[in-house]
Amino acid sequence: MEYALLIYGDEKAWESRDEAGIRENVARHERFMTLLAERDAMRGGKELAPSGSATTLRRRGDDVSVTDGPFAETAEVLGGFYLIEAADLDAAIELARELPEGVVEIRPIVPPRKSGS
Amino acid sequence: MTDPPREDPGGIADERLRLLFACCHPALSADARAALMLRFGAGLKTAEIARLFLVPEPTMFARLTRAKAKMAQAGIPLRAPSAAGLPGRLGVMLKVVYLLFTEGYRATSGPELQRPQLAGEAIRLGYLLGELLPEQDEIVALLALMILQHARRDARFDGEGRLVLLADQERGRWRHDEIERGLGLLRRLGPPAGEYHLQALIAAEHSSAGPTDWPRVAQLYADLERRTASPVVRLNRAVAVAEAGSPEAALSLLDGLGKTLPASHLVPAVRAELLCRLDRREEAADAFDAALRLVRTDAERAHLLRRRDDEGIR
């Protein structure tokens, strides 16, 4: 199965890290990616720019409004994600445990659907 | 607790055990785990589980359907945990069983004070787990605890459904064969290793034919509180300390508990009893009022009103 590992955290804490803190975090993510590669579990992943850079589109009927900011204004924001391959939820949890981040939401990926057309 | 599970390809081969571990997966909600255990562990029908949980059958049907969908979509495996993961996962499973039992032993809502069928189903699950995982002392300890508590079910309320406290219970209405069975299980265990074991030893003290050894009960609760840091344990410890002859020490153990357990009527109820003993009647009246505002079952409300009348407080 494929899973998304969605990394949530306190943006202020992320932004207040010093150079050494950022380097340490990057190194730990590199180790995590090496682990995924060793298990042939890496399917993708990216870090997201801060939520202040987000733009949200809302469609109501034919009307599309464009607003500044993320969809949900919450204390903990989505900061990045990995796509992984794992045999089952327990295997995904075991991998997610190795992530050096505070909150990781594990969501199964839905296999591609066919429209039938 | 130290023995690893028997070596076989899947860790623990039994298909039923795999299913039970899946039902108690930490990725499921607590409600879903309990319902799934009754469905697939105890083999109850949806309608029976709905009755035990006091919800309409369609509600329970929807809850089970959602839980099964989550198991399939999220990829919860039908697999027993690895030896390294076993203690944690077993802990979750035993907690599910004990929650079922306690809801049966002391119902938190509804007209009935206890629901013996639910407690009985929890004990059956305990036996099943004991058969499937025979090396696990924690299961034996939990089983002993449940059996010892359940053995007093006929004496815990009178003919009109009123709560009867331990000291006032008719010993003749205890199930002495079940108490023997519980004590027998306890004798199989070594020195107290876990929470269920300590609680079972406390239940064993309460099941003895003679007067309760309250200083020993207070000591067991102190050990349990060190292990759990649980405010409910502290509350019980306070009761034991009072019974052992130190109501003032007990009262100071209650300090701050009202804030930790703001919804529990038991904190002000115990405080009221302690204040009565210390003849601090005005404070006792306030505590009875606070308990009556919070109490949720009819039988426990009646008990509080009776106790207040007995003390001549209004």
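Visitor: Is B:Gly130 buried, partly exposed or exposed?

Guide: This is a predicted model, in which local features need pLDDT of at least 70, side-chain atom pairs count only at pLDDT 80 or more, and totals for chains, interfaces and linings use all residues. Residues are numbered from 1 along each chain as its sequence is written, chains are lettered from A and ligands numbered from 1 in the order in which they are written, and side-chain values use heavy atoms, with hydrogens and water left out. B:Gly130 is found in helix H6 of chain B, where helices (H or I, at least four residues) and strands (E, at least two) are DSSP runs numbered from the N terminus. Buried means under 20% relative accessible area, exposed over 50% and partly exposed in between (1.4 Å probe, protein chains only), so at 25% relative accessibility B:Gly130 counts as partly exposed.

Visitor: How far apart in space are B:Gly130 and B:Gly190?

Guide: In sequence, 60 residues separate B:Gly130 and B:Gly190. From C-alpha to C-alpha, their distance in space is 17 Å.

Visitor: Which residues are in contact with B:His197, leaving aside its neighbours within four places in sequence?

Guide: B:His197 lies in helix H9 (residues 195–206) of chain B, and its relative accessibility of 6% makes it buried. Contact means heavy atoms within 4.5 Å. With neighbours within four places in sequence set aside, the contacts of B:His197 are B:Ala141, B:Leu186, B:Leu189, B:Gly190, B:Pro191 and B:Pro192.

Visitor: What covers the buried residues of H1(B)?

Guide: Helix H1 (residues 15–23) of chain B has B:Leu17, B:Leu20, B:Phe21, B:Ala22 and B:Cys23 as its buried residues. An α-helix has 3.6 residues a turn, so residues three or four places apart point the same way. The cover over the buried residues of H1(B) includes helix H2 (30–41), H4, H5 and H6 of chain B.

Visitor: Over which residues of chain B is the pLDDT below 50?

Guide: pLDDT is the predictor's confidence in each residue, from 0 to 100. Chain B has a mean of 88, with 94% of its residues at 70 or more. The stretch with pLDDT below 50 has 25 contacts in the model beyond near neighbours in sequence, and it covers residues 1–13.

Visitor: Where in chain A is confidence highest?

Guide: Chain A averages a pLDDT of 93, and 100% of its residues score at least 70. Its lowest confidence is in H1(A), at a mean of 89. The highest, at 97, is in strand E6 (residues 103–108) of chain A.

Visitor: With which residue does A:Arg39 form a salt bridge?

Guide: A:Arg39 is partly exposed at 46% relative accessibility and sits in the loop between helix H2 (19–38) and strand E2 (42–47) of chain A. Its partner is in helix H3 (residues 89–96) of chain A, 55 residues apart from it. The closest N and O atoms are 3.8 Å apart, and the partner is A:Glu94.

Visitor: How many residues of the lining of the second largest cavity are charged?

Guide: On a 1 Å grid over the protein atoms alone, a cavity is a set of points where a 1.4 Å probe fits but cannot get out, and lining residues have an atom within 4 Å of a point. The second largest cavity holds about 30 Å³, a volume being the space filled by probe spheres set on grid points joined across faces, edges and corners, and its lining consists of B:Gly104, B:Tyr105, B:Gln114, B:Arg115, B:Pro116, B:Ala119, B:His150 and B:Arg153. Ala, Val, Leu, Ile, Met, Phe, Trp, Tyr, Cys and Pro count as nonpolar, Asp, Glu, Lys and Arg as charged, and the others, Gly among them, as polar. By class, three lining residues are nonpolar, three polar and, as charged residues, two.

Note on methods:
A salt bridge is a side-chain nitrogen of Lys or Arg within 4 Å of a carboxyl oxygen of Asp or Glu. On a 1 Å grid over the protein atoms alone, a cavity is a set of points where a 1.4 Å probe fits but cannot get out, and a pocket is an open set with protein on both sides within 12 Å along at least five of seven lines; lining residues have an atom within 4 Å of a point.
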